Amino acid sequence: MIWTVVLLLQALLLYFIFTQRSRSKSEPPLDKGLIPWLGHALEFGKDASKFLNRMKLKHGNIFTVRAAGRYVTVLLDPHSYDSVINDADSLDFTCYAQVLMKRIFSLELSHSQMTEAKDMMKKHFIGMNLATLNCTMERNLKALLKAEMPPNQKDWKKEGLFDFSYRLLFKAGKFDGLLTKMARETLRPEEKKTAQSVRQRLWDLLAPAGSTEDSGSSLWLPAYRRLLRGKGADEDTQRKAVLMQLWATQGNVGPAAFWLMGYLLTNPEALTAVKREFKQISQMETSETQSLGDRSAATPVFDSALEETLRLTAAPFITRQVIREKTLHMADGQEYLLRKGDRVCLFPFNSPQMDPDIYHEPQKYKYNRFMNEDGSAKKDFFKGGKQLKYYTMPWGAGTNGCVGKQFAINSIRQFVYTVLTNYELELCDPDAQMPEVNASRYGFGMLQPDGDLLVQYKLRNKH
Ligand code: HEM
């Protein structure tokens, strides 16, 4: 027995000696944290924004931290982001995406299956086909809202704004709640059981999705399934892939719509300005059903209000796997070596989006921050006296930038427009404030609130 313990201790000691890593002079500052192997994982997962701000104060704009056995180099200088975003040869997007797909959706797709699926997605979500998708979305939204509030119902209906927005645009309930834990592999045993059973239920529900080409659905899902079938994916893999796509395409839009509606309702001046703009559009509509119709209709006030919302609440990590040793050139002339096998991560939420050097009172919602006085979009923002190429990055950028950006913007705009023109919607408590963000979700796209904002709504009397 004593020998087993001694041998185990020796093995542990050897493991730590051989996995010890020290910094070479050409590499970014290294911070391993105090706990062996785990490093900074707990603090990182609890509130990544706060943790990365602390590391930035300690080390500057670039540093490497250890988290759960992994080494992650974090770059926080927006002037230098291009050196990561534009180097798909040394810094790979797909490897880490595959890790997350396996952990969350129990799905394994090859590199080539993913590349072809993305090319196909571009055809459906960008350009000509986008108009068809927008029409489908508009029709579905209207039907849902109608079911929500039949014309003969006259009383106020009360609900949490997050539930209202997310439910109407998409809700996968418990599954989404456990998503961050699945990604980090930190589910407790009972949560694991819930995640598995919810996932199974969603796979079953989604079994028919895209398997027929009925006129009610978009052409994209059947085409996606055909592509996977053609590449040898069985029925089970196809279902898993459809769930993954459902989340990728819908999971961020509902929370974004919630934050925007919330900021408008808690900032009367912003709400009035957006309503005024929408009213002008609705007066030009000839159809009595009121729709945004001509999608090219300019909505500069809405656009700025949305951009400001995303600045405050879009917080993705832009993560890449270093597949080939790389020298990273910073905008200030410094150079750092990135080791093969490490990950590199940008966190635009901390900078540029919440950076006080770039934005005056960055915590405040100012609906017209991204608008010039003449109504044109404001795009000139500076840091250190130098104009920024990336002054906000809710959609990522470069080769792996968001394919669904335009579709997402259109959906959110349609949602807000439909609600504001057809309903009276107000806060139950006129003095209510926006809820805090759920700090454990930093890094996973759109943030979600910790709590909700209670609203009441009823059909607008149009006569
Ligand atoms: C508010 C809504 C959305 C936000 C904030 C958002 C954000 C992002 C971000 C930040 C990335 C880049 C990730 C990286 O570089 O590591 C991304 C990628 C992507 N997004 Fe979105 N997205 C949204 C909605 C959508 C929708 C509706 C679609 C549907 C088509 C979509 C499809 C994609 C795809 C396919 C990629 C991966 C691109 C690649 O493989 O290179 N997104 N999104």
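**Reading the features**

Tutor: L109 lies in the loop between α5 and α6 (111-125). Helices (H or I, at least four residues) and strands (E, at least two) are DSSP runs, numbered from the N terminus. Residues are numbered from 1 along each chain as its sequence is written. This is a predicted model: local features need pLDDT of at least 70, side-chain atom pairs count only at pLDDT 80 or more, and totals for chains, interfaces and linings use all residues.

Student: Is L109 buried or partly exposed?

Tutor: A residue is buried if 20 or more other C-beta atoms lie within 10 Å of its own, exposed if 12 or fewer, and partly exposed in between, with C-beta atoms placed from the backbone. L109 has 23 C-beta neighbours inside 10 Å, so L109 counts as buried.

Student: Which residues does L109 touch?

Tutor: Two residues are in contact if their C-beta atoms, placed from the backbone, lie within 7 Å. Not counting residues up to four places away in sequence, L109 touches M101, M114 and A241.

Student: What does UniProt record for L109?

Tutor: UniProt positions are given in the numbering used here, feature names are shortened, and annotations may be inferred rather than shown by experiment. In the unreviewed UniProt entry, "binding site" covers R103, L109, N252 and R343. R103 sits in helix α5 and is partly exposed, because 16 other C-beta atoms lie within 10 Å. Leaving out residues up to four places away in sequence, R103 touches M182, A183 and E185.

Student: Where does R343 stand in a strand pair?

Tutor: Two strands pair if DSSP finds at least two bridges between them. Strand β6 (residues 318-322) pairs with strand β9 (residues 343-346) in the antiparallel sense over four bridges. In this pair, R343 in β9 is opposite Q321.

Student: What is the strand order in the open sheet of six strands?

Tutor: The order is β1-β2-β3-β9-β6-β4, and the pairing is mixed. At the edges are β1 (30-31) and β4 (91-92); each has a single partner strand, so one side of each has no neighbour in the sheet.

Student: Which residues of the largest nonpolar core touch the most other members?

Tutor: A nonpolar core is a set of buried Ala, Val, Leu, Ile, Met, Phe, Trp, Tyr and Cys residues joined through C-beta atoms within 7 Å. In the largest, of 73 residues, they are V74, A257, L260, A305 and I412. Helix α14 (residues 253-266) gives this core its largest share, nine residues.
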